[in-house]
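Please look over the structure shown here before reading the briefing. The points that follow are grouped by topic.

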Amino acid sequence: MKKAVYPGSFDPMTLGHLDVIKRASKMFDELIVSVLNNKEKSPLFSVEERVNIIKEATKDLPNVQVDSFSGLLINYAASRDIHVAVRGLRAVTDFEYELQLAQTNRQLSNEALDTVFLTTSLEYAYLSSSGVKEIAYFGGDVSPCVPDFVAKLIYEKYHRKA
Ligand code: ADP
């Protein structure tokens, strides 16, 4: 059984993330999307809210599970017997960071955890969670960036109308 984890902050999940999830779910028997509980960042959505958003958005994908983790990805992956991490690459600006992360995880895990990259679909290449939050904060339209129910939740956080 081929399992993979797609880890990230997903604050919030965008259509770019969802595109990676859908494509990766076709490549593996089981895909676990796992929200990183990073206490140092001050997120817009709690971990629980982010997990629920991803659950709702992926409810029609039977081999996708949603979970959360804190600490090192390699320890989480080992605890679930997962040996592949999926990450997305939008532009060359992602590359240096992602390369370093992937190499660190491979080294630190004694080669137990490898990373595969999916290049973004071009229509989502410009999307980032932080960009979406900034657009919403200033009252712009985030409907091309996230599923409709997520847009509503984001506007609620900023006390703005959808
Ligand atoms: P992190 O804080 O771990 O970078 P993110 O939630 O921002 O978490 O992103 C998780 C992963 O999804 C990263 O590999 C990132 O490059 C990728 N990603 C983010 N936005 C997109 C997008 N629009 N298209 C494809 N991949 C994306």
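Helices and strands are DSSP runs, a helix having at least four residues and a strand at least two, and they are numbered from the N terminus. With those names, strand 1 (3-8), helix 1 (15-25), strand 4 (84-89), helix 4 (92-108) and helix 5 (129-137) each supply at least two residues of the lining of the largest pocket. This is a predicted model.

**The largest pocket**

- The volume of the largest pocket is about 1,000 Å³.
- Its lining has 41 residues, and those closest to the centre are Gly8, Ser9, Arg87, Tyr97 and Glu98.
- Helix 4 contributes eight residues to the lining, which is the most.
- By type, the lining residues of the largest pocket are 17 nonpolar, 16 polar and eight charged.

**Arg87, by the pocket centre**

- Arg87 is one of the residues closest to the centre of the largest pocket, and its place is in strand 4.
- Is Arg87 buried or exposed? Its relative accessibility is 16%, so Arg87 counts as buried, the cut-off for buried being under 20%.
- The side chain of Arg87 reaches the backbone oxygen of Pro7 at 2.8 Å.
- Leaving out residues up to four places away in sequence, Arg87 touches Tyr6, Pro7, Gly8, Tyr97, Glu98, Leu101, Thr115, Val116, Phe117 and Leu118.

**Arg50 and helix 2**

- Arg50 belongs to helix 2 (residues 47-57).
- The relative accessibility of Arg50 is 5%, so this residue counts as buried.
- Which backbone oxygen does the side chain of Arg50 reach? That of Ser9, at 2.8 Å.
- Apart from neighbours within four places in sequence, the contacts of Arg50 are with Ser9, Phe10, Asp11, Val35, Leu36, Pro43 and Phe45.
- The buried residues in helix 2 are Val47, Arg50, Val51, Ile53 and Ile54.
- Viewed down the axis of helix 2, these buried residues fall within an arc of 160°, so they line one face of the helix.
- The cover over the buried residues of helix 2 includes helix 1, strand 2 (30-36), strand 3 (64-69) and helix 6.

**The buried side of helix 5**

- In helix 5, the buried residues are Ser129, Val132, Lys133 and Ala136.
- Their arc around the axis is only 100°, which puts them on the same side of helix 5.
- Helix 1 and helix 6 (148-157) are among the elements that cover the buried residues of helix 5.

**Ile154 in helix 6**

- Ile154 lies in helix 6 and is buried, because its relative accessible area is 0%.
- How far apart are the C-alpha atoms of Ile154 and Val132? They are separated by 9.0 Å, while the two residues are 22 residues apart along the chain.
- Not counting residues up to four places away in sequence, Ile154 touches Pro12, Leu44, Phe45, Val132, Ala136 and Val146.
- Two of these partners, Val132 and Ala136, are among the buried residues of helix 5.

**Ile74 in helix 3**

- The place of Ile74 is in helix 3.
- Ile74 has 11% relative accessibility and therefore counts as buried.
- The C-alpha atoms of Ile74 and Thr104 are separated by 9.7 Å, and these residues are 30 residues apart along the chain.
- With its neighbours within four places in sequence set aside, Ile74 is in contact with Asn105, Leu108, Ser109 and Leu113.

**Backbone details in the loops**

- Asp11 and Pro12 are joined by a cis peptide bond, with omega of about -5°.
- Pro12 is found in the loop between strand 1 and helix 1.
- Asp81 is a residue other than glycine with a positive phi, near 60°, and its place is in the loop between helix 3 (73-79) and strand 4.
- Glu111, also a residue other than glycine, has a positive phi near 65°.
- The loop that holds Glu111 runs between helix 4 and strand 5 (114-119).
- Glu111 has 56% relative accessibility, so Glu111 counts as exposed, for which the cut-off is over 50%.

Methods. Residues numbered from 1 in each chain as written. Predicted model: local features only at pLDDT ≥ 70, side-chain atom pairs only at ≥ 80, totals over all residues. Heavy atoms only, no water. Buried < 20%, exposed > 50% of the residue type's maximum accessible area, 1.4 Å probe, protein only. Polar contact = N/O pair within 3.5 Å; in protein donor to acceptor, adjacent residues only side chain to side chain. Contact = heavy atoms within 4.5 Å. 1 Å grid on protein atoms, 1.4 Å probe; cavity = no way out; pocket = protein on both sides within 12 Å on 5 of 7 lines; lining within 4 Å. Points joined across faces, edges and corners; volume = space filled by probe spheres on them. Nonpolar A, V, L, I, M, F, W, Y, C, P; charged D, E, K, R; others polar. Arc of directions from axis to C-beta.
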